[in-house]
Amino acid sequence: MLTLLPFLRQANLLRLAVEHAGLNPAQLGRDAGDTAGARSFEAFLDGHDVLVHRAGLRPESAPSIGWWLFHRWLARHESFVDAGRIGQLLRDIGAPVAELGETFAVDRVGALLEGLRLGPDVCHPEFLGALSPEDHVRAPGRQRIRDQRLGLMTALAAALAIEVTALPDVVGEHLGIPVPVDPAAAVSCLDDAVWGGPHDLPVLRARCPHEALVEGLREHTAIADELLHGVRRLVRERITHPMPELPARLSAAGVGPAPGMFDSWARFRLDQHRMRDLLMGVQLYKDPDLAVRELYQNALDACRYRSTRTQYLDRTRPAAYSYAGAISFAQGVEDGRPYLECRDNGIGMGESELRGVFSNAGGRFPGQAEFRHERAGWEELDPPIRLYPNSRFGIGVFSYFMLADEIRVTTCRMGLDGVPGPVFEVGIHGPAHLFRIVRVAERGDEPGTTVRLYLNSDRPWSCVKVLRRLLAVAEFDTTAQDGEETATWRPGELQARSAVAGERFGFHASGEIAKWRGAVEGGRVFWCKEGGALLVDGLVVHPAQRRGVCAGPGVTVRGVVVDLSGPCAPERLSVDRTELVDDVSDLVESLLTAAAGELAASEHIPLSYAWICHVAAGSPIIADLVTEACIGAGRTVSLGDRSVELARSGCLPADFKIFWTAGINERKLTYRQMVEFPGPVPNSILLWRLLAHRSSPILDELTAFCPELSGFDDLRPALPSDELILATGFPDGVRLRWRSESEYVSTVVGDVVATLGWTAREAETRIAELRAKFACEPRPTGGGHRRRISLPRGVNSFDSVWFFGRHIRNMLVPPGPIPYRHIFELAENLDLRIGEVVERLRGFGFDVHLHVPDELTNLERSLFEPSTWWNFRTDQAMPYGYLILASGRLRAPMSELENLVRSYGLDISSSVLPRGLTSDSALSLLEYNGLEDINLEPEAPLLLQPLIDLSRRNHTSIAQVVDWLRQLGIQVPDLGDTIRAALARVPTVTR
């Protein structure tokens with residue numbers, strides 16, 4: 001075995017390499033196809049993105065980088081010790097192996113091959129415990145194989161052999177640079193390297209052509225020396241059979257530059273003191289309370305590990321094994337020192353774990369060889385058992401010192417056989433301190449770990465409040481206690497919580513509506529009335545990539561809590577684990593689509609229109625998913641005191657404002673349910689929503705003007721995100737305004753892309769579906785055809801007149817007409833008398849019949865205040881309604897104002913009030929602040945909402961309001977034509 005094991009290892013590696021030669025390592029796996037091996041190699045390359053990027057910058061280096069990474073990947077490949085692979089290798093060797101009987105049993109060879117790639121981890125008690133101290137085998141003669149001794153000797157021999165692809169990462173990091181490591185020279189260097197010096201202290205002698213090889217061989221020797229130290233310790237403690245005399249230490253003193261290659265070199269190193277300060281400080285974690293998060297995550301992983309090992313024992317041993325995980329937090333005082341204690345009944349730690357992943361910053365137990373070896377056994381079962389760890393030992397332990405100045409750990413490891421091992425106790429008095437590992441008992445009562453942090457601050461602080469802020473869904477029974485204050489999390493249940501005012505980071509979700517019963521492994525969904533959150537392993541996180549369902553104005557999702565764990569957990573989180581670095585929007589959308597389907601199909605779960613709109617305010621796409629699911633299920637939802645068929649109406653949050661305008665369910669609506677929309681609703685949107693919700697007295701009135709409204713069908717149901725196309729926010733972030741047709745389409749598309757993360761094409765498609773009209777950017781032209789205007793004497797530029805006509809330039813073309821308001825604005829802004837402005841406009845060729853005295857009385861100055869004039873023009877009579885308003889505003893008799901206006905050469909549309917109106921009721925009608933939306937220029941469209949508002953304010957019909965306004969001189973276009981034009985723009989499913 002000692003002789004043949006290196007050959008078996010090499011043959012196994014070569015066969016594995018041949019199987020995966022199609023991965024094209026020289027091109028870093030490009031065009032390797034979609035195989036399991038290709039996906040595995042690609043995932044491995046993701047962890048070496050610097051080298052991969054370098055190969056792209058220097059294509060000539062791609063082969064050396066690719067083959068280096070390929071061999072590193074092969075050496076760690078899980079199938080390297082696969083029983084089927086090893087069995088086939090032994091069968092292919094044939095008779096020579098068969099003659100040795102049980103000597104080359106598949107399990108034995110696999111375990112010893114695993115030991116060759118473990119390095120110092122071959123000394124781990126769990127790995128050695130799986131090897132037999134002495135085994136009698138059937139073979140020629142009576143043979144004994146001492147697997148433990150053999151495993152240690154061959155692992156040490158492999159370390160001393162020094163394979164080039166087993167050298168530390170520093171060698172590979174110097175591929176693809178201007179002065180790179182030459183692979184052929186590196187192989188030649190190792191061929192010539194020897195171990196010299198005395199037996200007690202072997203010295204590696206090598207002449208290196210590159211400084212990276214010097215550093216790599218020195219690091220490799222240090223690792224081999226660590227392995228030697230571990231083997232010597234185990235020989236004293238566990239190996240009862242004689243061992244060859246081992247060296248005391250290994251040295252790399254003979255490693256140096258080859259003659260004439262280079263004289264000196266340096267290497268960037270980290271300041272350990274400053275790095276420790278960073279890892280345990282708020283610069284990295286920002287919030288010292290997040291140390292509690294790390295405590296919980298480490299305890300969670302320990303419970304997951306024990307649960308998985310217990311499942312394996314239960315399925316592979318005759319006896320029954322069961323486990324119920326538990327995690328508890330408690331605060332107390334010991335000898336006047338406040339402390340926080342976290343206790344779990346998880347896998348626990350042995351001496352190797354305390355020396356390794358626990359104390360190694362950045363170390364994680366999934367990266368340890370003994371874990372990979374155990375996991376291989378789990379995955380051989382049918383169905384396989386899988387463990388999805390989350391914690392980050394090392395960095396997390398450093399973070400404990402944000403809260404504590406001393407840490408005490410008591411732990412007991414569960415063995416591979418399910419039996420508790422020794423109990424160890426550790427006291428750590430600072431991140432740079434040595435800590436002594438004390439064995440306090442040979443065997444514990446139960447596996448698990450207790451971590452006690454002696455707090456370094458007397459500030460009021462509660463672990464209960466912190467955990468409630470961070471933890472929403474626990475995987476195992478979890479409790480927290482601080483004096484009389486307690487909290488309990490039951491496995492898989494949502495722990496509701498409302499955010500505290502001013503809180504920067506924390507969980508907020510309450511009023512659970514329903515839990516997704518069809519949840520997949522690793523993806524839980526809870527619908528809630530208030531708040532919402534994304535969770536990873538039950539702990540709140542915020543998405544860094546705001547796209548799709550994760551997009552919206554808030555920092556996280558609304559209306560739902562999504563917990564990602566196990567196979568659904570993201571790979572990358574921020575260092576403080578509060579932010580999702582990976583884009584999980586597609587995954588979350590697939591989960592929510594399925595969960596929304598179940599929600600919509602469950603008639604016993606009450607849903608309301610208001611709740612969907614509330615969700616839309618924070619997460620428009622999630623509200624879309626719910627709406628679409630309800631449409632597909634033919635679901636009705638409550639709206640005030642009635643039900644709404646979403647299959648017809650869909651859901652548009654602006655409906656609440658429209659309902660208020662139209663008088664639908666007015667008593668049932670609250671201000672909280674309405675988003676403030678200054679200005680009137682566009683006609684097509686108003687008709688769309690009135691038709692969608694059918695019964696309305698207002699709709700009946702409009703139908704009298706346009707019979708086509710009755711029976712108008714095939715409406716497109718609204719989606720909440722439609723509102724982002726049709727409306728946009730004011731800078732105050734509170735109100736919305738309807739978009740105008742003059743807004744550029746590129747602006748609308750840009751807003752939607754930025755808010756929802758859609759592509760421009762997706763935004764344009766939605767605009768087309770909604771039949772929304774927006775302006776296209778003007779194209780530069782070489783000139784225009786505007787009529788030239790000769791400037792009168794004393795006017796050097798048309799800019800003075802053009803200044804106030806910049807918003808209506810098309811109107812400033814002689815001979816007019818021109819709005820009277822702009823005449824008075826010009827006089828005010830150019831500091832001219834009204835008569836002078838009129839004369840200048842006449843000089844420009846405008847036809848203005850207005851005669852105003854040079855000296856104005858106070859009443860006349862108030863009468864000519866530009867902001868009070870409507871948009872009637874020089875070709876129109878003054879509306880009688882304007883005089884009624886001016887009389888009320890200026891407290892002047894109507895007769896006096898009529899005489900003044902006629903003296904200026906202006907006509908008045910009427911001189912009597914319409915039948916049914918008194919002076920006061922006419923004034924009330926005209927004082928409506930939206931009246932200017934009706935009194936527009938003849939070519940401007942009529943807006944329906946102001947007419948509806950006026951009819952409701954005056955408790956009369958729309959027809960009556962239109963008649964009154966026309967008699968008061970206000971031009972109201974034909975309502976039938978107006979409604980028909982709007983109806984052509986209503987979104988439908990067929991057009």
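This report describes the sheets, helix packing, aromatic pairs and backbone features of a predicted model.

**Overall make-up**

The protein chain has 991 residues, of which 51% are buried. Its secondary structure comes to 39 helices and 23 strands. Among contacts in the chain with a separation of 6 or more, 69% are between residues 24 or more positions apart.

**The eight-stranded sheet**

Eight strands form an open sheet with mixed pairing, in the order β10-β9-β8-β11-β7-β6-β12-β13. Its edges are β10 (437-441) and β13 (485-489), each of which pairs on one side only. From one strand to the next, the twist averages 15°.

Within this sheet, β6 (residues 326-334) and β12 (residues 477-482) are paired in the parallel sense, and six bridges join them. S328 has T479 of β12 as its bridge partner. Two helices that pack on the sheet can be described here. Helix α15 (residues 290-316) touches β6, β7 (337-344), β8 (404-414), β11 (448-455) and β12. The direction of α15 makes about 140° with that of β6. Helix α19 (residues 463-470) touches β6, β7, β12 and β13. The direction of α19 makes about 30° with that of β13.

Strand β8 contains R413. The relative accessible area of R413 is 10%, and because the limit for a buried residue is under 20%, R413 counts as buried. A polar atom of the R413 side chain lies 2.9 Å from the backbone oxygen of G348.

**The three-stranded sheet**

Another open sheet has three strands in the order β3-β4-β5, again with mixed pairing. Here the edge strands are β3 (194-196) and β5 (251-257), and each pairs on one side only. The twist in this sheet averages 25° from one strand to the next.

Strands β3 and β4 (residues 203-208) pair in the antiparallel sense over three bridges. V194 stands opposite R205 in β4. Helix α12 (residues 211-237) lies across β3, β4 and β5, and runs at about 175° to β5.

**Aromatic pairs and charges over rings**

The count of aromatic pairs comes to 10. One of them joins F70 and W73, whose ring centres are 5.8 Å apart. The planes of F70 and W73 stand at 40°, so the pair is tilted. Both residues lie in helix α4 (residues 62-75), three residues apart, which is about one turn of the helix. F70 and W73 are both buried.

Y609 and F656 form an edge-to-face pair, with 6.0 Å from centre to centre and 70° between the planes. Y609 belongs to helix α21 (residues 609-618) and F656 to helix α24 (residues 655-662), so this pair ties together parts that are 47 residues apart in sequence. Y609 and F656 are both buried.

Ring pairs also link F41, W67, F70 and W73 into a cluster.

Charged side chains are placed over rings as well. The charged end of R452 sits over the ring of Y339, 3.8 Å from the ring centre. R689 lies over the face of W688, at 4.7 Å from the ring centre.

**Backbone features in loops**

| Residue | Backbone value | Loop |
|---|---|---|
| P383 | omega near -5° (bond from D382) | between α17 (369-379) and α18 (395-399) |

The peptide bond from D382 to P383 is cis.

R771, at 27% relative accessibility, counts as partly exposed.

Technical notes. Residues are numbered from 1 along each chain as its sequence is written. This is a predicted model: local features need pLDDT of at least 70, side-chain atom pairs count only at pLDDT 80 or more; totals for chains, interfaces and linings use all residues. Side-chain values use heavy atoms; hydrogens and water are left out. Two strands pair if DSSP finds at least two bridges between them. Helices (H or I, at least four residues) and strands (E, at least two) are DSSP runs, numbered from the N terminus. Axes are lines fitted to C-alpha atoms, for helices over the stretch in contact, and angles run from 0 to 180 degrees between N-to-C directions. Contact means heavy atoms within 4.5 Å. Buried means under 20% relative accessible area, exposed over 50%, partly exposed in between (1.4 Å probe, protein chains only). A polar contact is a pair of N or O atoms within 3.5 Å; within protein, one must be able to donate a hydrogen and the other to accept it, and residues adjacent in sequence count only if both atoms are side-chain atoms. Rings of Phe, Tyr and Trp (its six-membered ring) pair if their centres lie within 6.5 Å; planes under 30 degrees apart count as stacked, over 60 as edge-to-face and the rest as tilted. A charge sits over a ring if NZ of Lys or CZ of Arg is within 6 Å of the ring centre and within 35 degrees of the ring normal.
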